[in-house]
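Hi,

Here is the structure I promised to pass on. Have a look at it first, and my notes follow below.

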Amino acid sequence: MSDQPVLYLVVCAAPPVLQIDQLIDLLMNDGWAVWVVATPTAASWIDREALAQQTGHPVRFERRKPDQPDLLPKADAVLVAPATFNTINKWALGINDTLALGILNEVLGLGLPILVSPYAKAALTSHPGYARNAEALRVAGATFTSPNLLQPTAASGRFRWRELLRLASCRQNRPGGRQTSGSESRQGGGADCQT
């Protein structure tokens, strides 16, 4: 068993998931043991075998049968990126119809550090249900980045994984990094960690 802290990386079906291997590289270089949990649609978009080889762990997207062992170790932190409008709203309502939502519902109740990076059109994030549901998740302990954090800059066309990693490092007791706890962790941990 590794001494690395365990990060559940919950991925949803939005364009950044097509390059999620880049974020995984950054997270692993930062000292995390990354376990990918995908929504069913995201699982159909990504190369699960390549990601399993990259992380050393199978990509989980289906529920296990009752007689099968649970291969997921206990998480130290959770990163939901990209987080879709659909997943955020279902999660806030306690809907448990996929493995990814089931895990998110459970970890919310455990008090683990959870960073959520939404990726949705402005027309969706302006929907009144989204604002209510994102706020409900914040009150329950999840931290949200700005909805456009992952949006590529016009010049590079690349998703902003390094910016997300910087926030994740501030929020989630990064290995070798500054440790945060309690209200300081929930408030962003200082000027460098503002979401």
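R63 is partly exposed, at 46% relative accessible area (that term covers the range between buried, under 20%, and exposed, over 50%, with a 1.4 Å probe and protein chains only). R63 sits in the loop that links helix 3 (48–55) to strand 3; helices (H or I, at least four residues) and strands (E, at least two) are DSSP runs, numbered from the N terminus. Beyond its neighbours within four places in sequence, R63 is in contact (heavy atoms within 4.5 Å) with N96, D97, T98 and L99. Between the C-alpha atoms of R63 and L99 there are 5.4 Å, although 36 residues separate the two along the chain.

Please keep in mind that this is a predicted model: local features need pLDDT of at least 70, side-chain atom pairs count only at pLDDT 80 or more, and totals for chains, interfaces and linings use all residues. Residues are numbered from 1 along each chain as its sequence is written, and side-chain values use heavy atoms, leaving out hydrogens and water.

Strand 3 and strand 4 (residues 114–118) run parallel and are joined by 4 bridges, and V78 stands opposite I114 in strand 4.

Enjoy exploring!

Notes
Pairing = 2+ DSSP bridges.
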